[in-house]
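Subject: Structure handover and notes

Hi,

As promised, here is the structure we talked about. Please have a look at it first, and then read on for my notes.

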Amino acid sequence: MWVFVLLFLHHFDSEVKNMATKQTNIVGFENHPSLKNCVLTPIKNLLNERKLHLNVFGEIVSIEPVRELTAKDSNEVYKISEALLNDGANNTIKLVLWFSDADKFRVGDKVLVKNGYTKSFNHEMQLSAGMYGTIELIK
């Protein structure tokens with residue numbers, strides 16, 4: 001019985017990884033070290049509800065100029081920018097870039113958001129790396 005369960009779990013895990021990889025269109029980047037053992041979430045699965053601990057790959061197709069926000073409580077100034085991330089299958093989501101990430105990326109860059117999350121802001125789903133995630137340029 002345990003052998004069956006272990007075989008099923010191994011097969012299920014492999015299928016989930018294959019399905020996620022196929023849906024995110026990473027052609028040409030399959031063997032990149034950052035993507036090799038990474039389970040990716042397709043952008044089309046991010047558009048309806050808040051999700052945590054996401055790995056998302058895509059290309060930046062547009063980016064807003066960097067602007068500054070001032071925190072009301074501490075008067076600290078933060079840099080922020082917003083980009084549109086496309087997964088190659090015509091699915092897009094707004095990617096919020098904070099702090100040093102705000103001016104780090106350009107249109108055409110392929111990026112991997114690791115341990116990101118989504119939330120709704122002004123009735124629009126947004127993807128962010130937050131405090132615990134990273135956004136990596138994939139070359």
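Strands and helices here are DSSP runs, numbered from the N terminus (H or I of at least four residues for helices, E of at least two for strands).

Before going further, a word on the source: this is a predicted model, in which local features need pLDDT of at least 70 and side-chain atom pairs count only at pLDDT 80 or more, while totals for chains, interfaces and linings use all residues. Residues are numbered from 1 along each chain as its sequence is written, and side-chain values use heavy atoms, with hydrogens and water left out.

**The overall picture**

Of its 139 residues, 36% are buried; buried means under 20% relative accessible area, exposed means over 50%, and partly exposed is in between (1.4 Å probe, protein chains only). The accessible surface comes to about 9,100 Å², with 55% of it belonging to carbon and sulfur atoms. Those areas come from the Shrake-Rupley method with a 1.4 Å probe, and for residues only the protein chains shown count as cover. Taking contacts (heavy atoms within 4.5 Å) between residues at least 6 apart in sequence, 55% join residues at least 24 apart.

**Strand β4 and its neighbours**

β4 is worth a look in your viewer. Five of its seven residues are buried, so the strand is largely enclosed by the rest of the structure. Strand β3 (residues 77–86) pairs with β4 in the antiparallel sense over seven bridges, where pairing requires that DSSP finds at least two bridges between two strands. Within that pairing, Ile93 in β4 is the bridge partner of Leu85. The two strands form a hairpin with five residues between them, and Gly88 in the turn has a positive phi of about 90°.

β4 also pairs with strand β6 (residues 124–128), this time in the parallel sense and over three bridges. There, Val96 stands opposite Ser128 in β6.

**Aromatic residues around Phe99**

Back to Phe99. The structure holds three aromatic pairs: rings of Phe, Tyr and Trp (its six-membered ring) pair if their centres lie within 6.5 Å, and planes under 30 degrees apart count as stacked, over 60 as edge-to-face and the rest as tilted. In one of them, the rings of Tyr78 and Phe99 have centres 5.4 Å apart and planes at 75°, so the pair is edge-to-face. Since Tyr78 belongs to strand β3 and Phe99 to the loop between β4 and β5, this pair ties together parts that are 21 residues apart in sequence. Tyr78 is partly exposed at 22% relative accessibility, and Phe99 is partly exposed at 46%. Trp98 and Phe99 have ring centres 6.0 Å apart and planes at 40°, so that pair is tilted. Trp98 also counts as partly exposed, at 31%. Together, Tyr78, Trp98 and Phe99 form one aromatic cluster.

What else do Trp98 and Phe99 make, with Leu69? The three make a nonpolar surface patch of about 270 Å². Patches are made of residues with over 30% relative accessible area and no salt bridge, with like charges joined within 9 Å and nonpolar side chains (Val, Leu, Ile, Met, Phe, Trp, Tyr) within 5 Å.

**Salt bridges**

There are six salt bridges in the structure, each a side-chain nitrogen of Lys or Arg within 4 Å of a carboxyl oxygen of Asp or Glu. Lys94 in β4 takes part in the next two. Glu82 forms a salt bridge with Lys94, the closest N and O atoms being 3.4 Å apart. This pair links distant parts of the chain, with Glu82 in strand β3 and Lys94 in strand β4, twelve residues apart. Both Glu82 and Lys94 are buried.

The side chains of Glu124 and Lys94 meet in a salt bridge as well (2.9 Å, N to O). Here Glu124 is in strand β6 and Lys94 in strand β4, 30 residues apart. Glu124 counts as partly exposed, at 34% relative accessibility. Arg67, Glu82, Lys94 and Glu124 are linked in a network of salt bridges.

Happy browsing, and best wishes
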